[in-house]
Amino acid sequence: MNALRECMSALHPQAIEGMKLFNEGKFFEAHEELETAWKDETGEVRELYRGILQIAVTYLHITRGNYEGAVKVYGRSLKWLKDWPDVCRGIQVRKFREDAELVMKEVEKLGKDNIGRFDKSLFKQIVWNAAEDGGESRKIWVCDRCGSEMHEKNCKVSCPNCGNRFDCSDLNIYFD
Ligand SMILES: [Zn+2]
């Protein structure tokens, strides 16, 4: 997988919707939007969407006191989340993974009998920095280091925030 290439592009609109719902604690609705993004997306980033949607389902199980369901779905999510850079399409993936890990440590500590006492303040928000495309068809580059929108000029792409730069031809990206 060329994670770098996959990560330097804009998010699917349904993925953004899903993450907003996730951050409102609406895990069921979040899962539905992310599933649409997962089905609709043809690039490998779809698997990142799948991982996020499985965390939404994990959290849903926790809120419903379903210990086994939470442990099972979390276990499945790991392989979809592990291979991405710290920031992908502006999403703070590493932070997201670490937040979910802390949630599951607490769930395992509580165990099946006490999962009802789970402290929901441990559900942290997904942080992302989405480049808006303003309805135009121009290509958006999202820095894989810091998540900022990058500037492109004559195929030279640079990040105004951290100085990350590359030549668009290096990435072999096809413009629609
Ligand atoms: Zn940057």
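Valine 107 counts as buried because 22 C-beta neighbours lie inside 10 Å, and this residue is found in helix 6. The model is a predicted one. Its protein chain has six helices and six strands, and valine 107 is one of the residues with the most contacts inside the largest nonpolar core.

**Overall organisation and confidence**

- Read from the N terminus, the elements of the protein chain follow the order α-α-α-α-α-β-β-α-β-β-β-β.
- The protein chain has 176 residues, of which 35% are buried.
- Of the contacts between residues at least 6 apart in sequence, 51% join residues at least 24 apart.
- Mean pLDDT for the protein chain is 88, and 89% of the residues reach 70 or more.
- Residues 133-137 keep a pLDDT under 50, and the model has three contacts beyond four places in sequence for this stretch. Where pLDDT is low, the predicted coordinates should not be read in detail.

**The largest nonpolar core**

- This core has 46 residues, and Leu34, Tyr49, Ala56 and Val107 have the most contacts inside it.
- At least two core residues each are supplied by helix 2 (13-23), helix 3 (27-40), helix 4 (46-63), helix 5 (67-81), strand 1, helix 6 (93-114) and strand 3 (141-142).
- Helix 4 gives the largest share of the core, with 10 residues.
- Alanine 56 is in contact with Phe22, Phe27, Ala30, His31 and Leu34, when neighbours within four places in sequence are left aside.
- Valine 107 and valine 71 are 36 residues apart along the chain, and their C-alpha atoms are separated by 8.5 Å.
- As general background, nonpolar side chains tend to be buried together in soluble globular proteins.

**Helix 3 against helix 4**

- The axes of helix 3 and helix 4 come within 9 Å of each other and cross at roughly 165 degrees. Helix 3 is therefore roughly antiparallel to helix 4, as angles over 145 degrees count as such.
- The crossing of these two helices, helix 3 and helix 4, is left-handed.
- On the helix 3 side, the residues that meet helix 4 are Phe27, Phe28, Ala30, His31, Leu34, Glu35, Ala37 and Trp38.
- Their counterparts in helix 4 are Arg46, Tyr49, Arg50, Ile52, Leu53, Ala56, Val57, Tyr59, Leu60 and Thr63.
- Arginine 46 lies in helix 4 and counts as partly exposed because it has 18 C-beta neighbours inside 10 Å, whereas a buried residue needs 20 or more.
- Beyond four places in sequence, arginine 46 is in contact with Trp38 and Glu41.
- Arginine 46 and histidine 12 are 34 residues apart along the chain, with their C-alpha atoms separated by 9.3 Å.

**Helix 5 against helix 6**

- Helix 5 and helix 6 pack with their axes 11 Å apart, at an angle of about 155 degrees. That angle makes helix 5 roughly antiparallel to helix 6.
- Helix 5 passes helix 6 in a left-handed crossing.
- Tyr67, Ala70, Tyr74 and Leu81 of helix 5 meet Arg97, Ala100, Met104, Val107 and Lys112 of helix 6.
- Glutamate 108 also lies in helix 6; this residue counts as partly exposed because it has 14 C-beta neighbours inside 10 Å.
- The C-alpha atoms of glutamate 108 and alanine 70 are 9.9 Å apart in space, and the two residues are 38 apart in sequence.

**Backbone geometry at arginine 89**

- Arginine 89 lies in the loop between strand 1 (87-88) and strand 2 (91-92).
- Although arginine 89 is not a glycine, its phi is positive, at about 50 degrees. Most residues other than glycine have a negative phi.
- Is arginine 89 buried or exposed? Arginine 89 is buried, because 27 other C-beta atoms lie within 10 Å and the cut-off is 20 or more.

Key
Residues are numbered from 1 along each chain as its sequence is written. This is a predicted model: local features need pLDDT of at least 70, side-chain atom pairs count only at pLDDT 80 or more; totals for chains, interfaces and linings use all residues. Helices (H or I, at least four residues) and strands (E, at least two) are DSSP runs, numbered from the N terminus. A residue is buried if 20 or more other C-beta atoms lie within 10 Å of its own, exposed if 12 or fewer, and partly exposed in between; C-beta atoms are placed from the backbone. Two residues are in contact if their C-beta atoms, placed from the backbone, lie within 7 Å. A nonpolar core is a set of buried Ala, Val, Leu, Ile, Met, Phe, Trp, Tyr and Cys residues joined through C-beta atoms within 7 Å. pLDDT is the predictor's confidence in each residue, from 0 to 100. Axes are lines fitted to C-alpha atoms, for helices over the stretch in contact, and angles run from 0 to 180 degrees between N-to-C directions. Angles under 35 degrees count as roughly parallel, over 145 as roughly antiparallel, 65 to 115 as roughly perpendicular and the rest as oblique. A crossing is left-handed if the near helix is turned anticlockwise from the far one by less than a right angle, and right-handed if clockwise.
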